[in-house]
Number of protein chains: 2
Amino acid sequence: MPASERLGSHIKEAEHALNATKHAVLKPAGLTVPQYAALLQLAENPGIPAAALARACRVTAPTMNTVLKNLQQRGLITRTPHPWHRNVLETRLTELGTQVMAEADENAVRVERGLAAQFTDEERAQLISLLARCSGYLESVRPG
Amino acid sequence: MPASERLGSHIKEAEHALNATKHAVLKPAGLTVPQYAALLQLAENPGIPAAALARACRVTAPTMNTVLKNLQQRGLITRTPHPWHRNVLETRLTELGTQVMAEADENAVRVERGLAAQFTDEERAQLISLLARCSGYLESVRPG
DNA sequence: GCAAGTCTATTAGAGCTCTAATATTCGTCA
DNA sequence: TGACGAATATTAGAGCTCTAATAGACTTGC
């Protein structure tokens, strides 16, 4: 089965193009794509624990740990112990983090709006629906 | 703009599901997803130089270099100097590499066939077309 | 012939990603 | 009250990925 006939190739190619463009537009803010994804979730959910953040970003906890380490080193986030649950760290944006996030978000949203504008409402809904069926099937057949 | 409204989120999610399932079905053969991608291209193009292989797999030359190093250590490929172009290494599957590739390919193709079977011919063509428009737009707006 | 440009290969370094394993804390249930 | 289970956090280690830089070999144009 040649690679060009595989649906997976086309999905991978689109994701690759998306990632490369995101990477390029986030570069001025000094953020990587995973860092931006984490900051976006943090902006919407202040104080969220790292484990929940990892789930929201669809990565594992150790992965999020390394991303947060780099964000913390740059002073973009703070991690403070939860008042009750002593084993939980509350993660929040710093003021600097909020500024950097706003700058990065402007460029990222511009790409998303431009991408969405390539399609009619019906096409967009179709694409989302077809992709959801891909995800659903792939998860349903995953061993383990 | 909430993450759930971004087309990019759905593309990323589908690619993530694809990658996770591929990873799971390739595990018995002891191959990673990038290693399988490289072996697939090698099976179709014996003797291809690493730089061309990198382009075919949509990664950079240094990335392909690390993947090939691991494949070579396992004895799945050989890299021999090109008879004329002294700066080029011809990369080929070993006999063991061919066997491992065949075993892995069986599982990978099963996933691809199952995924394709979720859609009608028209839906499949639509999905490919919509994804291609995404890739095309994203590449056209990429700075640099 | 020689120089510039192009292509191949490689190394160095930063960052992301996973699995596996460990430690700590909280909640539940007997 | 004490033990088990679930959730959080972290470390270790392997592997992938990129950009930047270096080096060698071929090709083209003067």
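Which residue of chain A forms a salt bridge with E13(B)? The partner is R58(A), and the closest N and O atoms of the pair are 3.2 Å apart. A salt bridge here is a side-chain nitrogen of Lys or Arg within 4 Å of a carboxyl oxygen of Asp or Glu. This pair crosses between chains. E13(B) sits in helix α1 of chain B, and R58(A) lies in the loop between α3 (50-56) and α4 of chain A.

The model is predicted: local features need pLDDT of at least 70, side-chain atom pairs count only at pLDDT 80 or more, and totals for chains, interfaces and linings use all residues. Residues are numbered from 1 along each chain as its sequence is written, chains are lettered from A and ligands numbered from 1 in the order in which they are written, and side-chain values use heavy atoms, with hydrogens and water left out.

Chain A contains six helices and two strands. Helices (H or I, at least four residues) and strands (E, at least two) are DSSP runs, numbered from the N terminus. Their order along the sequence is α-α-α-α-β-β-α-α. The C-alpha atoms of chain A fill a box of roughly 55 × 40 × 30 Å along the principal axes.

The interface draws 53 residues from chain A and 53 residues from chain B. Contact means heavy atoms within 4.5 Å. The two chains bury about 5,300 Å² between them, with 69% of it on carbon and sulfur atoms. Buried area is the accessible area (1.4 Å probe) that two parts lose on being put together, summed over both. D105(B) forms a salt bridge with R6(A), and their closest N and O atoms are 3.4 Å apart. On the side of chain A that touches chain B, α1 (7-26), α2 (33-44), α5 (95-116) and α6 (121-140) each supply at least two residues. The most come from α1(A), with 15 residues. By class, this side has 30 nonpolar, nine polar and 14 charged residues. Ala, Val, Leu, Ile, Met, Phe, Trp, Tyr, Cys and Pro count as nonpolar, Asp, Glu, Lys and Arg as charged, and the others, Gly among them, as polar.

The largest pocket holds about 940 Å³ of space. On a 1 Å grid over the protein atoms alone, a pocket is an open set of points where a 1.4 Å probe fits, with protein on both sides within 12 Å along at least five of seven lines; lining residues have an atom within 4 Å of a point. Grid points are joined across faces, edges and corners, and a volume is the space filled by probe spheres set on the points. The lining has 32 residues, and E15(A), H16(A), N19(A), E15(B) and N19(B) lie nearest the centre. α1(A) gives the largest share of the lining, seven residues.
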